[in-house]
Amino acid sequence: MPADSDDSAASGDPVDSARPADPIVADLHAHTTVSDGTLTLSEVPAAAREAGVDWVAVTDHDRIHPGLDAPVVERDGVRVVRGIELRVDAGFERLDLLGYGVEHTDALDAEVDRLQRDRRERGAAILDRVEERLGVDLDVEPRAGLGRPHIARAIDESDAPYDYAGAFDELIGNDGPCYVARDVTPLDEGLDLLDDACALLGLAHPFRYDRVDEALGVAAEAPAIDAIERFYPYGRAVDDARIDRLAAESDLLRTGGTDAHERTLGVAGLTESAFAPVRERLPEPVSVEAFAVGASPGAEPDEQD
């Protein structure tokens, strides 16, 4: 697998298999500024409308967006699913699990807090190494949700002789001199945590892993897994029919999404007919007007967007 999926330099351009012939109505894989995306939560509905998408899942890395107050919230006419993309250690490789319709549980919240503390510490260590090596001040504050894309963007904007891609290639990539590994959740623990908390649990982007067979085996054999990401912009040809066969044989739902880290949604996702069985598993949307006016409970001011 390439660099950590929440830390990778680029996902590549979409291929035709990520674009169904019928209009996409649900993009179930998007990131916001509380992890390594560039969209704020308040900007998600407009981006969805521009893409013609009715449903968006906010699946920030190792984090539940603090501005979403229910498993599914209707904001400005768009249904926003509270999700999470959790990195887990399967032994043979690190995999990404996508949880949809997340309810807060004490156990999941505790693990998210642990992972975010590790992210802050890891981010600070990478920043120290980069600044010492390059002799620059990147002016990046270690925080929850910090990932290598943030640091790569800061390097690109600094006086250092590296652009965004070069920062990964020469400095902070997995084999780079400034790389620091991060902690992740063991597979069995991650499955248990998300099985208890989520309306639907799936395996993300199966063809991004180095050991595809083993990753697909996890999806087929783990009782907690309900779905597999079928529609995804890999930027290269993949064997989509293999996912269709696995889904049929193992009674898995098929999900999909753009894995948006920039501002464009609807590059990949589900048509109305493909979304129908997934929709049945998701809770009913709660209008944002149902909540009291003001800050979302538990959300810090800089995290509401």
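Student: Is Asp 226 buried or exposed?

Tutor: In this predicted model, Asp 226 has a relative accessible area of 19%, so with the cut-off for burial at under 20% it counts as buried.

Student: Where is Asp 226 in the fold, and what does Asp 226 touch?

Tutor: Asp 226 belongs to the loop between H6 and E8. Leaving out residues up to four places away in sequence, Asp 226 is in contact with Leu 200 and Leu 201, with Asp 251, Leu 252 and Leu 253, and with Arg 281.

Student: Then on to E8: how many residues of E8 are buried?

Tutor: Five of the five residues of E8 are buried, so the strand is largely enclosed by the rest of the structure.

Student: Which way does E8 run against E7, and how is E8 joined to E9?

Tutor: E7 and E8 pair in the parallel sense over two bridges, and Leu 203 has Ile 228 of E8 as its bridge partner. From E7 the chain passes through H6 to reach E8, in a β-α-β crossover that is right-handed. E8 and E9 also run parallel, joined by four bridges, with Ala 227 opposite Leu 253 of E9. There the chain crosses from E8 through H7 to E9, and this β-α-β crossover is right-handed.

Student: Let's look at H7 itself. Which of the H7 residues are buried?

Tutor: In H7, residues 240–250, the buried ones are Asp 240, Ile 243, Leu 246 and Ala 247. Viewed down the axis of H7, these buried residues fall within an arc of 120°, so they line one face of the helix. In general, an α-helix has 3.6 residues a turn, so residues three or four places apart point the same way.

Student: What covers that buried side, and what sits on the face turned away?

Tutor: The cover over the buried residues of H7 includes helix H6 (212–221), strand E8 (227–231) and strand E9 (253–256). The face turned away from the buried side carries Ala 248 and Glu 249, which are exposed.

Student: And what follows H7?

Tutor: H7 is followed by Asp 251, which has a positive phi, near 55°. Asp 251 is also among the residues that Asp 226 touches.

Student: Back to Asp 240. What does the Asp 240 side chain pair with in a salt bridge?

Tutor: The partner of Asp 240 is Arg 230, in a salt bridge with an N to O distance of 3.7 Å. Arg 230 lies in strand E8 and Asp 240 in helix H7, so the pair ties together parts that are ten residues apart in sequence. Arg 230 and Asp 240 are both buried.

Student: Which residues make up the network of salt bridges around that pair?

Tutor: The network links Arg 230, Asp 240, Asp 244 and Arg 254.

Student: How many salt bridges are there by this rule?

Tutor: The count comes to 16 salt bridges. One of the others joins Arg 208 and Asp 259, at 3.5 Å from N to O. Arg 208 lies in the loop between strand E7 (200–203) and H6, and Asp 259 in the loop between E9 and strand E10 (270–271), so this pair ties together parts that are 51 residues apart in sequence.

Student: How accessible are Arg 208 and Asp 259?

Tutor: Arg 208 has 10% relative accessibility and counts as buried, and Asp 259 is buried as well, with a relative accessible area of 4%. In another salt bridge, Arg 279 pairs with Glu 284, with the closest N and O atoms 2.8 Å apart, and Glu 284 counts as exposed at 57% relative accessibility.

Student: Changing topic, where is Ala 160 found, and what is Ala 160 in contact with?

Tutor: Ala 160 is in the loop between helix H3 (148–157) and helix H4 (164–172), and is buried, with a relative accessible area of 11%. Apart from neighbours within four places in sequence, Ala 160 is in contact with Leu 134, Val 136 and Ile 155. From C-alpha to C-alpha, Ala 160 and Glu 131 are 9.7 Å apart in space, while in sequence they are 29 residues apart.

Student: Last one, on the whole protein: how many helices and strands are there, and what percentage of the residues is buried?

Tutor: There are eight helices and eleven strands, and buried residues make up 57% of the 305 residues. Among contacts with a separation of 6 or more, 75% are between residues 24 or more positions apart.

Conventions: Residues are numbered from 1 along each chain as its sequence is written. This is a predicted model: local features need pLDDT of at least 70, side-chain atom pairs count only at pLDDT 80 or more; totals for chains, interfaces and linings use all residues. Side-chain values use heavy atoms; hydrogens and water are left out. Buried means under 20% relative accessible area, exposed over 50%, partly exposed in between (1.4 Å probe, protein chains only). The arc is that of the directions from the helix axis to the C-beta atoms. Contact means heavy atoms within 4.5 Å. A salt bridge is a side-chain nitrogen of Lys or Arg within 4 Å of a carboxyl oxygen of Asp or Glu. Two strands pair if DSSP finds at least two bridges between them. A crossover is right-handed if, with the strands pointing away from the viewer, the path from the first strand over the helix to the second runs clockwise.
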